[in-house]
Amino acid sequence: MNEHIDVRQVEKIIAFQKEHNCKKLNEKTKTIKCNICGYESEYEFLPYGHTENPMPNEKCPNCYALKRTRLLYYVLEHYTDYLKDDNIQILQTAPSTSLYKRFKSQYHDNYISSDIEQMPQVDKIINLEEISYPDNTFDLILSKHVLEHVPDYPKALREIYRVLKPGGKIIFLIPSLDIPKTFEFPQINTPKLRERYYRQFDHQRYFSIENVYKDLEDTGFNTIKNIEKKIPKDDMIYYQLSDEPVYIGIKPKTPKNNIKNIEGDPKINLQTRENYCSLCENENPEKFKDTGSTHDYVCLNCYSRGDDRLIYNEIYFDVNEDSTILNFNSSEAMENKFKKYKNYNKNIPEKGFIQKVKLKTTNNEYLDKLQKIQDESVDFIISNHFLDRQVDDFKILQEFNRILKSSGKLLIKETTDLDLEYKIEAPEYNREYSRFFMGNHDTIKVFGKDLLHMCHFAGFNIEYEDPEKQVNNLQSITSQRTKAPLIICTKE
């Protein structure tokens, strides 16, 4: 064991492991081995990570390769032929010392290591958003926990695609989870917030596994999925490999003709008129009353709230005679408006079926009812101060996503304080809590900006996710004045 390493060096390594309290392995495991430098040990590898709570058995004590580095090398060694060909052109981003030495000794000048700034093992400074090489240069690009740092990640993918030769591969690792949508928000824009939400001060996002594959395919790549799941369990233990996804994109020899340009989300257009109640068609400013603490103008003619009018204005232009609407907790004025169109005014298109849900409790009754509704059977869901009264708000959002048609919309208007990063919650309802919850007597929580994050996690796209700008717009429209944003969601 370790014949290729000097005996005195092995003794120093073992002493180093003991200094870091690396435990001796049990009889079942016996030894573990670094597949990069070949060091084999009867003790755990070194811990790595935050000093307060480092991850055990992580870093090779000889070459300092981490689990994720060993995983990347394992995939190259067992599932590609690249290590058998000395003539290929390789670009690696943010290389580890262990791989740099290994590849430089084999590929020489055909291997280029890169980073955004100069370091000892960096051959060339490269910004992945603007790679300074011509088209079709590289056979292989390797990247390990780099793309989460890149501000314009879609642009970086397009650049990687450009400089790869037809048939070339990008093999990379990134922080990713099995979530419906990549977790990325423009309001998370300081080191402190990034540390809180992305787990590192300089990260730009937390990736969704499925979104990464979709992003690769939208850029033009073919993909190989779940390669890490093919690795034998014994090898995972013996080489101490990370269990994270390995992403592989292959540039096809014939370009796809359906490459999409990934741009920002569209914004909604608030179609409103000043001093106008769209529910009773009243345009007299004296007919509106400020309710004070809730900052919600009530029409004294039909008693609709600003919340109701905002929602109605948004849904009015989209509904048709076949629409199915699930309506939680809107005012009688809105309900009567839809009923009027359906039953009385034959000159206006029928506005569809309205299911009105009265709210009296905060138990699981509504979640149970939602679970009985057929998949993709609803065109529009209106949640008007409904989620802020429910304990299982995220489960309800997931159910909304399940029952909403692919072309449908979810409109959310909840008790929201945009100065909060995440919600304040008092699930054991008490009427005294209303003083904290903006005067709403039966509300059990105030959402912060986390309501946007929850919608993303539940699988929705958000058409308008600049709530601060929306509030400013609404305050200039007297009849629509309302404190919380209207969040409009569509299915992915």
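**Group meeting: cysteines, a buried lysine and aromatic pairs**

Cys37 counts as buried, at 19% relative accessibility. The cut-off for buried is under 20%. Keep in mind that this is a predicted model.

Now, what is the nearest cysteine sulfur to that of Cys37? A search of the whole structure finds 0 disulfides. Cys37 is in no disulfide, and the nearest cysteine sulfur, in Cys60, is 3.6 Å away. Next, Cys34. Its relative accessible area is 0%, so Cys34 is buried. The closest cysteine sulfur to that of Cys34 belongs to Cys63, at 3.6 Å, which is too far for a bond. The cut-off here is 2.5 Å between the sulfur atoms.

Now the overall picture. The protein has 492 residues, and 53% of them are buried. There are 13 helices and 23 strands. Take the contacts between residues at least 6 apart in sequence: 68% of these join residues at least 24 apart. The accessible surface comes to about 24200 Å². Carbon and sulfur atoms account for 46% of that surface.

How confident is the predictor? Mean pLDDT is 80 for the protein, and 78% of the residues reach 70 or more. Where is confidence lowest, and where is it highest? The lowest is strand 17, residues 353-357, with a mean of 40. The highest is strand 5, residues 90-93, at 97. Two stretches deserve a flag. Over residues 341-362, pLDDT stays under 50. The model still has 57 contacts beyond four places in sequence for that stretch. Over residues 432-436, pLDDT also stays under 50, and there the model has 6 such contacts.

On to a lysine. Is Lys445 buried or exposed? Lys445 counts as buried, at 0% relative accessibility. Lys445 is found in strand 21, residues 445-446.

Aromatics next. The count comes to 19 aromatic pairs. Phe183 has a relative accessible area of 6%. Tyr198 has 1%. Elsewhere, one aromatic cluster is formed by Tyr73, Tyr100, Phe103, Tyr107 and Tyr111.

Gln187 counts as buried, at 15% relative accessibility. Which residues does Gln187 contact, leaving aside neighbours within four places in sequence? They are Leu193, Lys449, Leu452 and His453. Then there is Glu421, which is 234 residues away from Gln187 along the chain. The C-alpha atoms of Gln187 and Glu421 are separated by 9.5 Å.

To recap. Cys34 and Cys63 have their sulfurs 3.6 Å apart, too far for a bond. Treat residues 341-362 as a stretch where pLDDT stays under 50.

Methods
Residues numbered from 1 in each chain as written. Predicted model: local features only at pLDDT ≥ 70, side-chain atom pairs only at ≥ 80, totals over all residues. Heavy atoms only, no water. pLDDT = per-residue confidence, 0-100. Helix = DSSP H or I, 4+ residues; strand = E, 2+ residues; numbered from the N terminus. Contact = heavy atoms within 4.5 Å. Buried < 20%, exposed > 50% of the residue type's maximum accessible area, 1.4 Å probe, protein only. Areas by Shrake-Rupley, 256 points an atom, 1.4 Å probe, with all protein chains shown as cover. Phe/Tyr/Trp six-rings, centres within 6.5 Å; stacked < 30°, edge-to-face > 60°.
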